[in-house]
Structure formats: C-alpha cells, structure tokens
Amino acid sequence: MRCRSIVLALIVTSPAHADFIAFDESASGDASDDRIAPTLAELVAGRNSIRGTFGTSPTPDTFDLDYITITVPAGYQLSAFVLDDAFVGGAFSFLAIQSGPVVTIPADWSSIDTPLLGWTHFGIAQIGQDLLAEIGSAPGSVGFSGPLPAGTYALWLMELNYSEPYTYAFGLDVTAVPAPSPLLVALAASLAGRRRPHR
C-alpha cells in the first residue's frame with residue numbers, strides 16, 4: 001500500500017510532458033547556413049527546446065553558421081530564452097535575433113543596413129540563465145524590453161572557433177498573453193462612455 005502511495009505521488013508531482021522539441025540537429029540534420037533561407041521551427045505553448053552544433057564546418061577553414069526562423073503563435077508571447085546547456089570555443093559564442101524570417105546582416109558584418117533586434121554572447125557561465133533581457137538591451141540593436149510578441153523572428157548562432165564541434169541548447173518559453181484585468185476593462189469602458197458626444 002505504501003509503494004502504491006509513493007507511485008501515485010510521483011505521478012501527481014511529475015511534469016505533464018517534456019519540453020517540445022522545436023529543433024534538434026541530431027534528429028533533423030544541420031541547421032541552415034543560409035541567412036536568407038533559415039531552418040524553420042514552429043513554437044508551441046510551453047517550453048520549446050532548440051539544440052544544435054556549430055564550430056567545425058564541412059568546408060575547410062570556415063566556421064559553421066546556424067540560422068533558424070521561429071514563429072510565436074498569435075495570442076502568445078516569447079517570455080524567456082534560457083540557455084539550457086552550452087559547450088563553446090573560448091569564453092563565449094554569439095546569438096542574435098532579428099524581426100522577420102531572415103537575417104539581413106552578413107556574417108562578416110560587411111553591411112548593417114538593418115539593425116538586429118538584439119544580440120548577446122553566451123557560454124558556460126550563463127547556463128541556466130534567461131538571456132532575453134540581455135538580448136534586448138544589446139548596444140547598437142533595435143532593442144526591446146519584456147516578452148517578444150507573436151510573430152516571426154530569425155535566430156543567428158555563430159561560433160568562430162572551427163577547430164572542433166561545439167554545442168548549444170536553449171529553452172524558449174511561450175506563454176499566453178495575459179488578459180487585461182477586469183478593473184482596466186471597466187475603466188476603459190467608463191472613459192469611452194465619457195468621450196461620447198452629447199446630442
């Protein structure tokens with residue numbers, strides 16, 4: 001009887017499901033190296049996992065670039081961008097986000113006509129941290145604060161050390177956009193009523 005109680009307790013307290021695998025290079029193959037045609041990854045409500053490798057490239061003396069387009073569904077927002085794991089060359093690697101389905105800036109930065117929405121460096125020291133605020137406050141970027149709204153975004157991941165394969169794993173939290181409080185709704189209705197012209 002005691003064993004049965006323990007099993008039931010484990011079932012009740014265990015997560016309902018594991019992270020949704022939005023993209024995993026080990027299963028889906030190499031992420032796109034083309035910034036104009038990124039690999040597509042649809043996000044769902046909850047924690048979405050994006051995992052990949054970069055560093056060593058099939059082309060000699062060339063670093064591996066990963067471009068992934070993510071879509072946050074309508075009615076939801078990207079509320080966290082957590083570094084779940086990382087093995088990088090040196091102290092850090094590079095991550096950027098741009099609004100829209102492509103990255104307009106070449107990897108050699110020869111043209112920066114359209115600024116990035118945000119960017120950051122990441123490495124072992126940041127494992128477990130939510131990088132979203134840091135990405136949004138990067139110098140020279142468009143910038144943002146708080147969650148990213150529904151829409152399409154392009155990710156640019158780059159590791160300049162191509163001596164060996166390196167890895168990354170991110171957990172992207174997609175949450176429902178909070179409904180306005182009843183008090184705010186009532187206030188808005190009251191203000192709208194006051195603005196109606198008197199006949």
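**Briefing: buried aromatic residues and strand pairing**

Both phenylalanine 122 and phenylalanine 170 are buried. The structure described here is a predicted model. Its secondary structure consists of 4 helices and 8 strands, arranged from the N terminus in the order α-β-α-β-β-β-β-β-α-β-β-α. Of the 199 residues in the protein, 37% are buried.

**Overall features**

- The protein exposes about 11,300 Å², and carbon and sulfur atoms account for 62% of that area.
- When contacts between residues at least 6 apart in sequence are considered, 80% of them join residues at least 24 apart.

**Nonpolar cores**

- The largest nonpolar core contains 32 residues, and those touching the most other members are Ile50, Ile68, Ile70, Phe81, Phe122 and Phe170.
- Two or more residues of this core come from each of strand S1 (20-24), strand S3 (46-55), strand S4 (65-87), strand S5 (93-99), helix H3 (132-136), strand S7 (148-158) and S8.
- Strand S4 supplies the largest share of this core, with 7 residues.
- Beyond its neighbours within four places in sequence, isoleucine 70 contacts Ala41, Leu43, Ile50, Leu78, Gly151, Thr152, Tyr153, Leu155 and Leu172.

**Aromatic pairs**

- There are 9 aromatic pairs in the structure.
- In the pair formed by phenylalanine 81 and phenylalanine 170, the ring centres are 5.1 Å apart and the planes meet at 65°, so the arrangement is edge-to-face.
- Because phenylalanine 81 belongs to strand S4 and phenylalanine 170 to strand S8, this pair ties together parts that are 89 residues apart in sequence.
- Phenylalanine 81 has a relative accessibility of 0% and therefore counts as buried; phenylalanine 170 is also buried, with a relative accessible area of 2%.
- Phenylalanine 170 also pairs with phenylalanine 122: their ring centres lie 5.2 Å apart with planes at 75°, so this pair is edge-to-face as well.
- The pair of phenylalanine 122 in strand S6 and phenylalanine 170 in strand S8 links distant parts of the chain, 48 residues apart.
- Ring pairs join Phe54, Phe81, Phe122, Tyr168 and Phe170 into a cluster.

**Strand S5 and its partners**

- Strand S5 is mostly covered, with 6 of its 7 residues buried.
- Strand S5 runs antiparallel to strand S6 (residues 118-122), and 5 bridges join the two.
- Within this pairing, alanine 96 has tryptophan 119 of S6 as its bridge partner.
- Strand S5 also pairs with S7 in the antiparallel sense, over 6 bridges.
- Here the bridge partner of serine 99 is tyrosine 153 in S7.

**Individual residues**

- Aspartate 173 is located in strand S8 (residues 165-176).
- Aspartate 173 counts as buried because its relative accessibility is 19%, and the cut-off for burial is under 20%.
- Alanine 37 occupies the loop between helix H2 (25-28) and strand S2 (39-42), and its relative accessible area of 43% makes alanine 37 partly exposed.
- Alanine 37 and tyrosine 67 are separated by 30 residues in sequence, with a C-alpha to C-alpha distance of 7.9 Å.

Notes
Residues are numbered from 1 along each chain as its sequence is written. This is a predicted model: local features need pLDDT of at least 70, side-chain atom pairs count only at pLDDT 80 or more; totals for chains, interfaces and linings use all residues. Side-chain values use heavy atoms; hydrogens and water are left out. Buried means under 20% relative accessible area, exposed over 50%, partly exposed in between (1.4 Å probe, protein chains only). Contact means heavy atoms within 4.5 Å. Accessible areas come from the Shrake-Rupley method with a 1.4 Å probe; for residues, only the protein chains shown count as cover. A nonpolar core is a set of buried Ala, Val, Leu, Ile, Met, Phe, Trp, Tyr and Cys residues joined through side-chain atoms within 4.5 Å. Two strands pair if DSSP finds at least two bridges between them. Rings of Phe, Tyr and Trp (its six-membered ring) pair if their centres lie within 6.5 Å; planes under 30 degrees apart count as stacked, over 60 as edge-to-face and the rest as tilted.
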